[in-house]
Amino acid sequence: MAGGRFSLDLARPSRQHWLGYILLAPAVLLIAAIIVYPLIVSVDLSFQNVGIARLDQPRRPFTTANYERLFTSPDFWNACWVTLKLIVVVTSACFILGLGTALLVNNRFKGRSVARLLVAMPWAVPEVIAVVIFAWIFDSSFGLMNWVFLSLGLIDKTINWFSDPDAAFAVVATTMIWKGYPFVSIMSLAGLQSIPEDYYAAARVDGASALQRLRYITLPCLMPVIGVTTVLVMLWIFRDFSIIYVLTGGGPLKATQTLSIMTYEQAFSFFRMGYASAIGVVTLVICVIAAKLTMRRAPDNL
Amino acid sequence: MRQSLPARLFLYASVVLTCAVLIFPIYWLVVTALSQPDQLRQLPPKFWPDEPRWSVFGKILEERPIFLWLGNSALAALGAVTISMVVSVLAGYSLSRFRVRGGQSLGLFILTAKMLPATLLVIPLFGIFRMTGLIGSMWSIILAHATLIIPFTTWMLKGYFDTIPRELEQAAMVDGCSPLGALFRVILPVSAPGLAATALYGFVLSWSDYAYARTFLTNAQGNWTANLGITTMKGEYISNWADISAASILVALPILVVYLFLERYLVGGLTAGSDK
Amino acid sequence: MARIVIDQVRKSYGALHVLKDFSLDIADGEFVVLVGPSGCGKSTMLKILAGLEEASGGTIRIGGRDVTDLAPGDRDIAMVFQNYALYPHLTVAANMGFGLKMRGTPADVITRRVQEAARILDVEHLLERRPRQLSGGQRQRVALGRAIVREPAAFLMDEPLSNLDAKLRVHMRAEIGALHQRLGVTTIYVTHDQIEAMTMANRIVIMKDGEIQQIADPETMFERPANLFVAGFIGSPGMNFLSARAQGGTTRLFGEAVPVPPGADGDVTIGLRPEHIEAGPGAVTFMARPSLVESLGSEKYIYFEAPDDNRPPGFLKQSEEDQRGSRLIARLVNAGPVRIGENVTLSFDPARLHVFDPATGKAIR
């Protein structure tokens, strides 16, 4: 046994740490091939005047024209503004809904586990399907939402949801909120369940009201979870492609064109992949900053 | 503590109302699918069809290759999850147990990769797949989904392995296992629930993708995934919401079923390591 | 069964030396306990011995064979862990037989040996259960069973009792002792609990900051501690320390002249064990005014202030739970009524005193 194994006896104390590298190798190779290499290609493309990426052809001369064009383009700044608006609106709404539902189903009542399942169910609906649902609900002629608004007397003629910039933005935001709040709900619920009952018992003994218990126990205990969740939700909105693209394609009049959508449009509708890569690299920088922020918030995770 | 009756009633009322409002879109999808197409063009809308048209599912399955799409989605997910799991189990274990030089930076990179937008990677991947002739093939979508899944699964599995005491593999090694033997004979069997949750989560990630499928597979009809198929219907069937809804239900069903029955695992994966 | 020779084993992480030149010769069948506060290097030494960690230098021989860089599984040792480390997915029988199976032992031999070990440890009725269905004490037995099934050359035990409650710990302590008597296998046992060390060991190795402080049998450890650390570590309640000046073979304690070894000259630290102070007059008699009296029924702990001239040296940090400052403790058996604030007559035999050099901490004899 010893003779045969001698060549690669990783159990020997002096070689045990080799295994760490060996186990990591497949992941490193694969990640290098399908993530790192594409990232490098992406950065490289962003410094070339490229229409359709052809890796088998000699690279074009180095130029910073894409970036110059990008930072002077009103479309880019519009996309930044839309992205920011969407992040602020959707994140805050997701938090109100998510925290609210989490607090609600964290109560003790019969059927609580079913309620928990139902409340977070949109999480399990694929984004494309969510788009189908909301595209129909906000249909201009026979959609439910127009009928509801008309019946309530909020409007006197039907809104054309997908051709009015503000209305389209509202539809996109609504869809994203519905798809996004369950994540906040699930995370907050997990956070709520990790708060020891003793804290509440002690607060009751001290005569704290329900509102005070929420303010001084629940929310402070949830803060770490909320911190990480906020970053994740914001990143999700920042990155999202399918909801906006299938729902509005970024229109009308670029009212729903986020940086993600702009990148994709430039690359695959106008075939300006060099320019699109430049936008992509800018988003990458934003992602790295966000990643650093999450790391600082959750140092234990490494 | 026992609550008073009014408080309990109020609680139940709010729970029922909240659930009703939040679930309504899903309910509306079902109602739409089961309605006669001309009924959908009437106002006020009907909140339950007069005679539910169950045959719509049969009809849509005949008209559209839904099963092919679902099969493609499943194949892409299985392929991507298998590749990702093999790689991430090993890497996650290494990151959890060994002090590897550069391990810290690799972990940081993986965390960053989790946050990369698909729209960033899709351009170079498009170039790479075109060059290698993979464009339009299932391999393109499997590899692209692996870029989505690997960062998540590696991170989740590292977190899971961190919860398993080191003494387990130390005992196994004293008992005569090689370090790899300890991993496969002891650590992996013990981690089965964590492995299942992680794989399931990867499956959902792959199943939900649209960006990669739309970019790489649009011209390869035979390889369309479910999400891609549905969006092509939306484009052309502007008026036939009943059919799209029926198809959507069929596509959403697998994930919804997984969610309803394995919610504990999925949620466990979602919240792992992030509540610190 | 085997003799174990550890020769100048070191372990360092960069500039951090967690283990300094550790040498120990363990006789066949001996029960050696490594004891010391947390971070003293005892667990590291055990892991190196098991092959779970690499030594930075030195050699280890088990039964005459150099095992310094041999795989843990090739060393013919068995280990019992603090958290038992039972395989949760295997039954008790499979847990116990795992090591034999890894070595390719035939199934019928495994069954027989598992049965035998189970009988010895009285866990026969648990063989088909899984670890999570067992109580703490039962898990402990199974972990021991897993070790003895293999009939190894040596047992390594890493704080195996610290997860048990106090009563069970005393019971299992006796049982491990009995098991060692019965099997006679060389055992190296790591603990932070000096009582476990004193009750179980043939020889104790006391460690601190990666260094061996003293190697001796329990009796010697108690009677002739090599330095202040050992003197304070062994015994409960811990030894009282007083400072004094010695000259020409005498010093003054409690205002009385007391003889000390001739080697002592100048400032000295005197150690006096609480159990060596007696009620009533004796060789050296003094009066004390108790500030606290704890009665345990069979005996009394009496706390009193040290005289100003003999204030205990401040640098002597006792163990965590024993921060008594300048107070001394007497442990009296069969004393009459003692009240707080009322003077009581106490005495001690100067032959029982320990004298240390306060600069080096070494004992002066």
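Predicted model: local features only at pLDDT ≥ 70, side-chain atom pairs only at ≥ 80, totals over all residues.
Strand 3 of chain C, residues 31-35, and strand 9 of chain C, residues 203-208, run parallel and are joined by four bridges. Both belong to an open sheet of six strands in chain C, with the order 6-7-8-3-9-10 and mixed pairing. Strand 6 (77-80) and strand 10 (211-216) of chain C stand at the edges with a single partner strand each, so one side of each has no neighbour in the sheet. On average, neighbouring strands here are turned by 15° against each other, direction ignored.

A helix joins the picture too. Helix 4 of chain C, residues 136-149, packs on this sheet and touches strand 6 and strand 7 (154-158) of chain C. The direction of helix 4 makes about 175° with that of strand 6 of chain C.

Now over to chain A. Six of its residues are in contact with nine residues of chain C. On the chain A side of that contact, you'll find three nonpolar residues, one polar and two charged.

| Part of chain A | Residues | Mean pLDDT |
|---|---|---|
| Helix 1 of chain A (lowest) | residues 2-5 | 43 |
| Helix 4 of chain A (highest) | residues 74-105 | 94 |

Over residues 1-7 of chain A, pLDDT stays under 50, and the model has one contact beyond four places in sequence for that stretch.

Note on methods
Residues numbered from 1 in each chain as written. Chains lettered and ligands numbered in written order. Pairing = 2+ DSSP bridges. Helix = DSSP H or I, 4+ residues; strand = E, 2+ residues; numbered from the N terminus. Axes fitted to C-alpha atoms, helices over the stretch in contact; angles between N-to-C directions. Contact = placed C-beta atoms within 7 Å. Nonpolar A, V, L, I, M, F, W, Y, C, P; charged D, E, K, R; others polar. pLDDT = per-residue confidence, 0-100.
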